[in-house]
Amino acid sequence: MKKKSIYVTRSSMPPYEEYIKAIKPLWDSHWLTNMGKYHKELEEQLKDYLAVPELSLMVNGHMALELAIQAFGFPDGAEVITTPFTFISTTHAIVRNHLKPVFCDVKLNDGTIDADKIEDLVTEKTVAIIPVHVYGNVCDVEKIQEIADKYSLKVIYDAAHAFAVKYKGKGIGTYGDVSVFSFHATKIFNTIEGGAVSFSDHKMYEKLYNLKNFGIRGEELVTEVGANAKMNEFAAIMGLCNLKYIEHSLEERKRRYDYYKEKLMNIDGICLLESATESDRNYAYLPVLVGREYKRSRNELYDLLKVHGICSRKYFYPLTSDQACFKNKYKNVKLENARKLADNILAFPLYEELDFGDIDSIISYIR
């Protein structure tokens, strides 16, 4: 009998009967997309849950980021200071907007951009900063905003990992000029595929509406060139269903995270990343640093777990700046901490239905 695999994550889904009942009205209306009833409902519910003044739903997190950047109308070739320690989508969204990513090193303790190193990278061509709240760990939002204000830069947060996080009592999506969320199937909250942009300026809503809907403003009126990045009604209904269970999901993830933490605490060379003391956690990921004190390298531990059917993840490796698509363009950029993290980070399985017995098995292999 083949042993079951334990994946690094598993999609959250509502009860089957609940979702089937919820989508039944679509067979009556035949309204499947184009900002329908459920799209609008989800926008309103997410504004309330995330405690943000404005929000625009998108087909996925990448298009949310790409269009959010485009909405500012930066000139081609302008520079954007960002992090290399992120999913490749962050960097692609910058490059696909004909902008130049300028990579800043990160902090070893939590993986977020090192705000103390940002100002030295500002030039006359810099137009924005795109930091990432890594694993739900919050960036130094105060320092970043201080720099942005000093040099009149836009701040666009990649908050794909930070759903449900609050910092100093405020929704994480209220910081910066805009924040971008991902509702991909692997995230703690999913709409199968989906994403959103949060912001405070209502003019941004109109701009994003145009960009995600071909610029169409009437049957015979197209006011600007846009893309097709609308969320459909099936996805919106999945989001509405999943949102009912998000607090339960967070509680179950915390239980498993705390269990891991207790068991891993006394294993030499295995270190959990820190998080900001004034922020909530969403327990989206369980990343650890595999240090020299551990008896195996990160890659050896990854291979060992894989042999036993446990799918961990080198998240993020390689750095986006070091990916093949950039053809060694950034190989000489000094990113000491980011490369150290990339070479030694490993994310263990974590999701709300993960069996505690499976966690015990994972711990035993690590030991």
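So, K4: its relative accessible area is 52%, and since the cut-off for exposed is over 50%, K4 lands in the exposed class. Before I go on, keep in mind that this is a predicted model. Now, what does the side chain of K4 meet in a salt bridge? It's D358, with 2.8 Å from N to O. And this pair ties together distant parts of the chain: K4 sits in the segment before α1, while D358 is in helix α11, residues 356-366, and the two are 354 residues apart. Is D358 buried or exposed? Buried, at 12% relative accessibility, because the limit for that class is under 20%.

Next pair, and here we stay inside one helix. K24 makes a salt bridge with D28, and the closest N and O atoms are 3.6 Å apart. Both are in helix α1, four residues apart, so about one helical turn separates them. On accessibility, K24 is partly exposed at 46%, and D28 is exposed at 57%.

Then there's E43 with K212, again a salt bridge, with 3.7 Å between the closest N and O atoms.

How many salt bridges does the count come to? The answer is 20.

Okay, on to the helix packing. We're back at α11, the helix that holds D358. Helix α8, residues 246-264, packs with α11 at an angle of about 25 degrees, and the axes are 11 Å apart. Angles under 35 degrees count as roughly parallel, so that's what we call α8 and α11. The crossing is right-handed.

Which residues make the contact? From α8 it's R255, R256, Y259, Y260, K263 and L264. From α11 it's F356, I359, D360, I362, I363 and I366. Sorted by class, that contact has eight nonpolar residues, four charged ones and no polar ones.

That's what I had, so over to you.

Key. Residues numbered from 1 in each chain as written. Predicted model: local features only at pLDDT ≥ 70, side-chain atom pairs only at ≥ 80, totals over all residues. Heavy atoms only, no water. Salt bridge = Lys/Arg side-chain N within 4 Å of Asp/Glu carboxyl O. Buried < 20%, exposed > 50% of the residue type's maximum accessible area, 1.4 Å probe, protein only. Axes fitted to C-alpha atoms, helices over the stretch in contact; angles between N-to-C directions. Parallel < 35°, antiparallel > 145°, perpendicular 65-115°, else oblique. Left-handed = near helix turned anticlockwise from the far one by under 90°. Contact = heavy atoms within 4.5 Å. Nonpolar A, V, L, I, M, F, W, Y, C, P; charged D, E, K, R; others polar.
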